[in-house]
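Subject: Structure handover

Hello,

I am passing this structure on to you. Please open it first, then read the notes below it.

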Amino acid sequence: MEAELKFEREKRSGVVAIGTYLFDAARRLGVEVEAECGRIGKCDSCAMRVKEGSEFLSLVTERETEHLNAGRRKNGERLSCQVKVEQSGEITVMTNKKKEEEKPKDEVQTEEYRKQFEELPLEKKVASLLELEAITLSETFSFVINSPSHVVSKIMDVMAQFGLKLEDDDKKAKRPKEHKTEAKAPTAKTAANSGSAANGKTRRQNKKDNSDNNQE
Ligand code: FES
């Protein structure tokens, strides 16, 4: 012998054998039911309302009377772990709404900050973003300071090289435009060569001057 069960909220239905508890029938049909007390009739987490066909179910137990007040019982509520199908027929059940799952604290806080930020006027939004940027920068420096010494020294080298390049570029940019195409500074070798060439020219010039003087 069987009974037909329908779970309205979840839109699930099926046939169950006589003697099946509503709790088991629900789970078999894919309906999630809580069981805080472990199905021993000492809570009301598995309660559901029988809308039609209550006459095909077992009578209200003592535990149900303890945990469901008269108003709820009158409304057709039963503890599903305490009530079984006893006769063939059609039974329609409405499960209670699930309690909203608690969001993790961090998620709640982030959502609050997001809402607060959205409500800020534009200039305050910009100010907040700048402040955030400053915090991020200070955290970066704090990371550098707290890093092992070899890491810090490597970072400082890179920063120093970068700083020197900036300084050099800055100097070049400030030069008069005529100097900007200036050839590279002579190397030691080219300087020596040009020095000796200059000396040779001076010697030749002196010799010529002397001979001119003698002719006079
Ligand atoms: S699970 Fe606690 S009364 Fe049914």
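Start with the overall count. The protein chain has seven helices and five strands. Bear in mind that this is a predicted model. Along the sequence, the elements follow the pattern β-β-α-β-α-α-β-β-α-α-α-α. The chain has 216 residues, and 13% of them count as buried. Now look at contacts with a separation of 6 or more: 63% of them link residues 24 or more positions apart.

The sheet

The five strands make an open sheet, and its order is S2-S1-S5-S3-S4. Pairing in this sheet is mixed. Which strands stand at the edges? They are S2 (12-17) and S4 (77-79). Each has a single partner strand, so one side of each has no neighbour in the sheet. From one strand to the next, the twist averages 35°.

Strand S1

Strand S1 covers residues 2-7. Strands of a sheet pair through backbone hydrogen bonds, either parallel or antiparallel. S1 shows both kinds. With S2 it runs antiparallel, joined by six bridges. With S5 (residues 90-95) it runs parallel, joined by four bridges.

In S5, the partner of Glu 4 is Glu 90. Lys 6 also has a bridge partner in S5, namely Thr 92.

The hairpin of S1 and S2 has four residues between the strands. There, Lys 11 takes a positive phi near 55°.

In a regular strand the side chains alternate between the two faces of the sheet. Check S1 with that in mind. Ala 3, Leu 5 and Phe 7 form its covered face. Glu 2, Glu 4 and Lys 6 form the uncovered one.

The core

How many residues does the largest nonpolar core have? It has 22. Those with the most contacts inside it are Leu 5, Leu 22, Phe 23, Ala 26, Ile 91 and Val 93. Four elements are listed as giving two or more residues: S1, helix H1 (22-28), strand S3 (47-52) and S5. H1 gives the largest share, four residues.

Val 93 is worth a separate look. Leaving out residues up to four places away in sequence, Val 93 touches Leu 5, Lys 6, Phe 7, Glu 8, Leu 22, Met 48, Arg 49, Val 50 and Lys 51.

Best wishes

Terms used
Residues are numbered from 1 along each chain as its sequence is written. This is a predicted model: local features need pLDDT of at least 70, side-chain atom pairs count only at pLDDT 80 or more; totals for chains, interfaces and linings use all residues. Two strands pair if DSSP finds at least two bridges between them. Axes are lines fitted to C-alpha atoms, for helices over the stretch in contact, and angles run from 0 to 180 degrees between N-to-C directions. A residue is buried if 20 or more other C-beta atoms lie within 10 Å of its own, exposed if 12 or fewer, and partly exposed in between; C-beta atoms are placed from the backbone. Two residues are in contact if their C-beta atoms, placed from the backbone, lie within 7 Å. A nonpolar core is a set of buried Ala, Val, Leu, Ile, Met, Phe, Trp, Tyr and Cys residues joined through C-beta atoms within 7 Å.
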